Amino acid sequence: IGGDENSQPAFTDISPFDDLLKTYSERYDFDWRLIAAQMYQESHFDPDAVSHAGAVGLMQLMPATADDLGFQNPEDPEAGIHAGVKYLNRLRNRFDNHVPMDERTWLALAAYNVGYDRVRRARNRAREQGLNPDKWFGNVEVAMRQMTRSYWESRSGSGCRCGQAVIYVSSIRFLYYAYRNFVLAV
């Protein structure tokens, strides 16, 4: 077909919001490509996205959460990105400092999706099973998946749709790793 088979295609950007992603990711010490992956997972880069639960904007924040963070208009791309990254940072900071930063980030992403308390419960469950409560992949995610099964088995409502968080974090990681391999043309 022509061309160097070892060369990678060059992209000019990942999303229409790369400059904003870089600005706010740097402010809160995230890799902007991770936030791009999260944003794609949340809204497919659609600033007008609205979830069935009422979450809005690129980062799919509930209006009350955005308001709590000091943002009145999360539908606005800049406000929504800033609020989403600030919220993810707030969640990440709730995990103990002894937890490595990359693991706190995966745990925070799960909390962004299903709530901090559910992740806390999954960490406790992981600990009880001899799994590492400070590591998401292969550990807390296993406990989270079990919490989903316990809900369906008991039908008591004590579980959650926690399997969604497992898929959410895995999808973001997959896309993030792909974005890290992109060669961005200047």
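What percentage of the 186 residues of the protein count as buried? The figure is 46%, where buried means under 20% relative accessible area, exposed means over 50% and partly exposed lies in between, using a 1.4 Å probe and protein chains only. A quick word on the ground rules: this is a predicted model, so local features need pLDDT of at least 70 and side-chain atom pairs count only at pLDDT 80 or more, while totals for chains, interfaces and linings use all residues. Residues are numbered from 1 along each chain as its sequence is written, and side-chain values use heavy atoms, with hydrogens and water left out.

On to the fold. The secondary structure comes to 8 helices and 2 strands, and from the N terminus on the elements run β-α-α-α-α-α-α-α-α-β. Helices here are DSSP runs of H or I with at least four residues, strands are E runs of at least two, and both are numbered from the N terminus. Take contact as heavy atoms within 4.5 Å. Among contacts between residues at least 6 apart in sequence, 51% join residues at least 24 apart.

Now for helix H1 (residues 18–27) and its partners. The axes of H1 and helix H2 (residues 32–43) come within 8 Å and cross at roughly 120 degrees. H1 and H2 are therefore oblique to each other. The contact is made by Asp18, Leu21, Lys22 and Ser25 of H1 and Trp32, Ile35, Ala36 and Met39 of H2. Those residues divide into 5 nonpolar, 1 polar and 2 charged. For the classes, Ala, Val, Leu, Ile, Met, Phe, Trp, Tyr, Cys and Pro count as nonpolar, Asp, Glu, Lys and Arg as charged, and the others, Gly among them, as polar.

H1 also packs against helix H4 (residues 77–94), at an angle of about 30 degrees and with the axes 9 Å apart. That makes H1 roughly parallel to H4. On the H1 side, the contact uses Leu20, Leu21, Tyr24, Ser25 and Arg27, and on the H4 side Pro77, Glu78, Ile81, His82 and Val85. By class, this contact has 6 nonpolar, 2 polar and 2 charged residues.

As for the geometry, axes are lines fitted to C-alpha atoms, for helices over the stretch in contact, and angles run from 0 to 180 degrees between N-to-C directions. Angles under 35 degrees count as roughly parallel, over 145 as roughly antiparallel, 65 to 115 as roughly perpendicular and the rest as oblique.

H2 itself is mostly covered, with 9 of its 12 residues buried; among them are Trp32, Leu34 and Gln38. Its end C-alpha atoms are 16 Å apart, which agrees with the 16 Å that its 12 residues should span at 1.5 Å a residue, the expected span being 1.5 Å times one less than the number of residues. Just after H2, His44 takes a positive phi of about 55 degrees.

| Residue | Relative accessibility | Class |
|---|---|---|
| Pro16 | 66% | exposed |
| Thr105 | 8% | buried |
| Glu141 | 11% | buried |

Pro16 sits in the loop between strand S1 (10–11) and H1. Pro16 and Asp46 are 30 residues apart in sequence but 9.8 Å apart in space, C-alpha to C-alpha. Thr105 lies in helix H5 (residues 101–114) and, leaving aside neighbours within four places in sequence, is in contact with Phe30, Leu34 and Arg92. Glu141 is found in helix H7 (residues 136–154); with neighbours within four places set aside, Glu141 is in contact with Trp136, Val166 and Ser170.
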